[in-house]
Amino acid sequence: QLSQEDITAKAIACGDCYSLVISSENDLYSCGHGDLHGHKTKENINKLKKVEIGAKVKAVAAGFTHSLAVSEAGQVYSWGNGGFSQLGHGDKKDQK
């Protein structure tokens, strides 16, 4: 159990300076380095905080500076550094 909210982790992924956790309720949480964690802020997060993507999550991956999540419905969400078009948004823009 993760202490601050009694979150039971179902899956985890670790990026360069951040972590992602899928809870047993299929909610997505993150902590760590500013722009990479999905909270639309440059602030570093020092404890798990829920990432609001509008869907329950069944899988997650963390790259060096970007993240992807797959919803229960199969939708793909991506955010972070887009400098090499790795987010799949059709451009090289960073996404929060």
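Here is a short chat about this model.

A: Happy to! This is a predicted model, where local features need pLDDT of at least 70 and side-chain atom pairs count only at pLDDT 80 or more, while totals for chains, interfaces and linings use all residues. Residues are numbered from 1 along each chain as its sequence is written, and side-chain values use heavy atoms, with hydrogens and water left out.

Q: What is the mean pLDDT of the protein?
A: The mean is 89, and 94% of the residues reach 70 or more; pLDDT is the predictor's confidence in each residue, from 0 to 100.

Q: Nice. What order do the strands of the open sheet have?
A: The four strands run S1-S2-S3-S4, with antiparallel pairing; two strands pair if DSSP finds at least two bridges between them.

Q: Which strands stand at the edges?
A: S1 (9-14) and S4 (45-50) do; each has a single partner strand, so one side of each lacks a neighbour in the sheet.

Q: How many bridges join S1 and S2?
A: Five, in the antiparallel sense, with S2 covering residues 18-23. Alanine 13 stands opposite leucine 20 in S2.

Q: Switching topic: how many disulfides are there?
A: Zero in the whole structure, counting cysteine sulfur pairs within 2.5 Å.

Definitions and conventions: Helices (H or I, at least four residues) and strands (E, at least two) are DSSP runs, numbered from the N terminus.
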